[in-house]
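Reader: I am new to reading protein structures. Can you take me through this one, feature by feature?

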Amino acid sequence: MKTKAIVTALLLASPSFALAELTIADLQPDTQVTITGVVDRIADEDTFILRDPSGEIEVYLGPNLVPVSVGADVTVAGLVDDGPVPEIYARTVTTSDGEVFTFSYNYD
């Protein structure tokens with residue numbers, strides 16, 4: 001019981017730190033990510049360019065059509081490709097109003 005009280009006291013006394021939001025510039029190959037940005041442009045029927053203040057990256061949805069418009073605020077969850085040009089293979093795209101698009105294509 002004494003240990004629990006000490007841990008609780010330490011947690012209450014410690015400053016809280018907010019986790020930094022992941023940016024496009026932070027992305028590393030072969031990692032699962034969730035990133036938020038703006039649809040900058042539609043590159044192809046199954047690819048769009050996601051932009052945030054740190055840069056831009058292609059988001060691949062293939063073989064699915066892009067379900068969002070240029071200017072939309074979205075959150076993308078997926079895998080960062082390890083190819084010469086970084087891109088995200090999206091599993092989900094969520095719009096700012098909560099609409100979720102899920103892509104079942106196997107990227108692995």
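Author: Start with strand pairing. This is a predicted model. Find Ala77 and look across to β5: the bridge partner there is Thr92.

Reader: In which sense do β4 and β5 pair, and over how many bridges?

Author: The sense is antiparallel, and there are seven bridges. Follow the chain from β4 to β5 and you pass through a hairpin of six residues.

Reader: Why is β4 described as largely enclosed by the rest of the structure?

Author: Count its buried residues. Buried means under 20% relative accessible area. Six of the eight residues of β4 pass that test, so the rest of the structure largely encloses this strand.

Reader: How should I read a nonpolar core?

Author: Begin with the general idea. In soluble globular proteins, nonpolar side chains tend to be buried together. Now the case here. The largest nonpolar core has 20 residues. Phe48, Leu50, Val76 and Val93 have the most contacts inside it. At least two residues of this core come from each of β1, β2, β3, β4 and β5.

Reader: What is Val93 in contact with, beyond its neighbours within four places in sequence?

Author: Its contacts include Phe48, Leu61, Val68 and Val76. Glu99, Val100, Phe101 and Phe103 are also among them.

Reader: And pockets? How do I find one?

Author: Rolling a probe the size of a water molecule over the atoms shows where empty space is left. In this model, the largest pocket holds about 160 Å³ of space. Its lining has 13 residues. Ile24, Glu56, Ile57, Val85 and Pro86 lie nearest the centre.

Reader: Which element gives the most to that lining, and what classes of residue does the lining have?

Author: β3 gives the most, with three residues. By class, eight lining residues are nonpolar, two are polar and three are charged.

Reader: Where is Asp30, and is it buried or exposed?

Author: Asp30 is in the loop between α1 and β1. Exposed means over 50% relative accessible area. Asp30 has 52%, so it counts as exposed.

Conventions
Residues numbered from 1 in each chain as written. Predicted model: local features only at pLDDT ≥ 70, side-chain atom pairs only at ≥ 80, totals over all residues. Heavy atoms only, no water. Core = buried A, V, L, I, M, F, W, Y, C linked by side-chain atoms within 4.5 Å. Buried < 20%, exposed > 50% of the residue type's maximum accessible area, 1.4 Å probe, protein only. Helix = DSSP H or I, 4+ residues; strand = E, 2+ residues; numbered from the N terminus. Contact = heavy atoms within 4.5 Å. 1 Å grid on protein atoms, 1.4 Å probe; cavity = no way out; pocket = protein on both sides within 12 Å on 5 of 7 lines; lining within 4 Å. Points joined across faces, edges and corners; volume = space filled by probe spheres on them. Nonpolar A, V, L, I, M, F, W, Y, C, P; charged D, E, K, R; others polar. Pairing = 2+ DSSP bridges.
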